[in-house]
Amino acid sequence: MDHKPATIAVHAGRPAHEPDQPLNVPITMASTYVAGGDKEYGRYTNDAWVAFEEALGRLEGGRALSFASGLAAVATLLDLVNDSVVVATEQSYLGTIGQLADLEARGRLTARLTDFSDTDAVVKMLEKLDGEVALVWVETPTNPGMQLADLPAVIDAAHKAGARVVVDNTFATPLLQQPLALGADIVIHSATKFIAGHSDVVMGAVVVSDDVLWDVLKARRDLLGAIPGPFEAWLALRGLRTLHLRVERSAANAATLAERLAAHPAVAEVRYPGFGGMLAAVLPTAEQADLLTRSTSLWVHATSLGGVESTFERRRRWKTESATVPDGLVRMSVGIEDVDDLWDDLSQALERLGS
């Protein structure tokens, strides 16, 4: 039977409905198993991973693999590239950009960073690179600029050029965007963010629709040891159970705040893609943006995102952030608090900018 995403989030990856079975997969703290079965060793599998992977895979419409972190998942994917071109969103997550730069410096690949909101330019670039591109790495919305890519058009152009397409779906989550259904080859998540959702887990995940590719990536994970702990996987699955509720509330809050921020005279620009719990407010100067992040009591100045609490930061405080990001851009991860309380906190902070 086909179920809706909310039902999948709640029910996928649970033990069979049998007498005395627990409702949740227990945490198995084991590095070693008795020989003769399918598990053998703790680096190869764990029941908590399997349950989490089943749930996330069903939500994304593919087969999932869990990793120690989002960057461990990124590294495993880029490890498959050798002496080829990777075309990536110029405002991709800093860790992704950092890994691309490191591999390029060591002669492993050539990174071509571009603005994926300009579909025609991306398509033309891929046409020129026909046969040279191994991966096209797309973030949509971008982190932190909140730009959108035309996924069907980019995926089609990438495949014509002979490349696989990776879509970082961390911001949108599988509830708002399913790249595999649009033809993408690989979906990647920082499960640390919205998937786990409570700012207490560091974990990553990859989802694919091709069984051969899944086997390849599983073998790389086994070899590299890029595995999550059983407790982290258990926590991530517990967080995923309420993903639909959290995303619904944070998205509603974000839409309201985007409208109110756009009407405030202290805000130069608001970037909100029209869905999800992430937005960006651009202040006229870096100093004003920094003052905003120091002047609230509910909003937390922090670098991560996707938790139940609202967090924000001026992204250019990181020296390696893309120069295409405005100095005064404040990335905002909207939580599930009462929206009027969140606005009151922001509003009083914005008023200080003019005092």
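A polar contact is a pair of N or O atoms within 3.5 Å; within protein, one must be able to donate a hydrogen and the other to accept it, and residues adjacent in sequence count only if both atoms are side-chain atoms. Keep that in mind for the tour.

The model is predicted: local features need pLDDT of at least 70, side-chain atom pairs count only at pLDDT 80 or more, and totals for chains, interfaces and linings use all residues. Residues are numbered from 1 along each chain as its sequence is written, and side-chain values use heavy atoms, leaving out hydrogens and water.

**Stop one: the two domains.** Colour residues 5-241 as domain 1 and 244-354 as domain 2; these bounds come from an automatic or database domain assignment. Their C-alpha centres lie 27 Å apart.

**Stop two: the interface.** Now select where they meet: 28 residues of domain 1 are in contact (heavy atoms within 4.5 Å) with 27 residues of domain 2. About 2,300 Å² is buried between the domains, 67% of it from carbon and sulfur atoms; buried area is the accessible area (1.4 Å probe) that two parts lose on being put together, summed over both. Pick L94, P144 and F194 in domain 1: they lose the most area to domain 2, together 28% of what that side buries. Eight residue pairs, both at pLDDT 80 or more, are in polar contact across the interface.

**Stop three: S250.** Beyond neighbours within four places in sequence, S250 is in contact with F194, G276, G277, V334, G335 and I336.
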